[in-house]
Amino acid sequence: MEKPVALYLVSGFLGSGKTSFLRHVLEGLPEGRVGVIVNEFGRIGIDGKVLNRDGLKLVEINNGSIFCACLKGGFIRTLAAFLEQPVDYLFVEASGLADPDNMAVYLAQMEKNLEKKPSVARRYDYRGGICVADALHYEDYADVFPVVESQVRKSRLILLNKCEEAGPEETARLSALLTEVNPEAVICPTNYGRLPLERLTALTPVSEGRTLNTPGNRPEAYTLRCDVPVSEETARAFFAALRGQTLRLKGFLLTDKGRLRVDNVASEVNLTAEETGEAAGNGAGAAMSVHAGTVLVIIGRELRAETIREAWFGSGGGEMTLEGD
C-alpha cells in the first residue's frame, strides 16, 4: 500500500497567526512534497498569495467556510484530488470564522466518492487539528464568538501566539485557561507562529460535538478595489474610521511609495512592503499582477457597505469598487 498523506487541519480566529505558522512550517518541509488548501471567508484569497512558493501545490477555496454546506462538496473533491498529487503532507488552513467540524465525516464521504476511482490507492493519515490562539485578543473574541472556543476544544495542539507581546504572566494565565477548555490538548506558547516540526508528529483527532457553522454566525465580507494610489496617512485614517466595526481587514495597498501588505486585527494595523520575485517565491508576484492596485478584504459583524464607502472617501481615498454589498 502506498504511503498515506499526513493531513493537518489548521484553525484559529481572524488574525491569530495561522498563515505565519504555515509559512514557518513550509520552510522546514521538503519542497515539492507539500500541499495546502487555503479557505478564506472573503471572495478573494490573500493568504494563498502570501504562502505561495516554488513547488508548493496550493488550492484556494474562498467566499465561505469549507465546513458549511455551500462549500463542503468542493472541499471533499479537493481532498480527493490531492491524493493523486505527489505530496507527503497536506495542510488545510480553515477560515478564521470556521468551526472545525468533524473531519471524519468528510473523509468518509471522500472514501465513498473514490469507490468509483479504484486507481487512486493513497489515503490520508489524519493527524488532528492545530489551533492558533491569539494571546492578545483570545478572551475578547471568545466572549462574542462561540466559534473561538470551539476551535480550541476541537484541536489537539494549540499554539498560543504573540506571547512576547502578552508577557509571561498573561501567557501563563491564558495557558491555564486554554487547558480548562481542552485538557487533552498540548499548549505551546510561541511568537510569530513558530513551532518545531517535531511537534506536528503523532497528532490524533479529538472528539467533536455540535457544529457552529450556521448561517446566523456568518458576518459580512467585502472586497475593496482601487487603482488610484493613496498615501499611508490616508490609509491609516481609513482604518481608524472603521475601528470597532471590523473583525479583520487584510490585503494589499497601493500607495504613492509602492505596494504594501495590510494586516489589521482589532486596533492593530501593520503595513509592510509586499514581497515580490524570489522573496515571495515564483508565482506569488505573478498571482498578484492580475490586480496591481489596492485589494482589501474587509470582514465585520453588521457592517454596512455605506459605512465602508463613507470611511474610504472621507479619508481621502480615490475611486473604488466594493464587492459583497
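At what angle do helix α3 and helix α4 pack, and how far apart are their axes?

1. In this predicted model, helix α3, formed by residues 69-82, packs against helix α4, formed by residues 103-114, at an angle of about 65 degrees, and their axes are 9 Å apart. The crossing in which α3 passes α4 is right-handed.

2. On the α3 side of this contact stand Lys72, Phe75, Ile76, Leu79 and Ala80, which meet Met103, Tyr106, Leu107, Gln109, Met110, Asn113 and Leu114 of α4. Sorted by class, the residues in the contact of α3 with α4 are nine nonpolar, two polar and one charged.

3. Turning to the strands, the model holds an open sheet of seven, with parallel pairing and the order β3-β2-β4-β1-β5-β6-β7. Its edges are formed by β3 (57-62) and β7 (186-189), each of which pairs on one side only. On average, and with direction ignored, neighbouring strands of this sheet are turned by 20 degrees against each other.

4. Within the sheet, β5 (residues 124-134) pairs with β6 (residues 157-161) in the parallel sense, and five bridges join the two strands. A reader who wishes to find this pairing in the structure may look for Val132, which stands opposite Leu159 in β6.

5. The sheet also carries a helix: α1, residues 18-28, lies across β1 (5-11), β2 (34-40), β4 (89-93), β5 and β6.

Conventions: Residues numbered from 1 in each chain as written. Predicted model: local features only at pLDDT ≥ 70, side-chain atom pairs only at ≥ 80, totals over all residues. Heavy atoms only, no water. Pairing = 2+ DSSP bridges. Helix = DSSP H or I, 4+ residues; strand = E, 2+ residues; numbered from the N terminus. Axes fitted to C-alpha atoms, helices over the stretch in contact; angles between N-to-C directions. Contact = heavy atoms within 4.5 Å. Left-handed = near helix turned anticlockwise from the far one by under 90°. Nonpolar A, V, L, I, M, F, W, Y, C, P; charged D, E, K, R; others polar.
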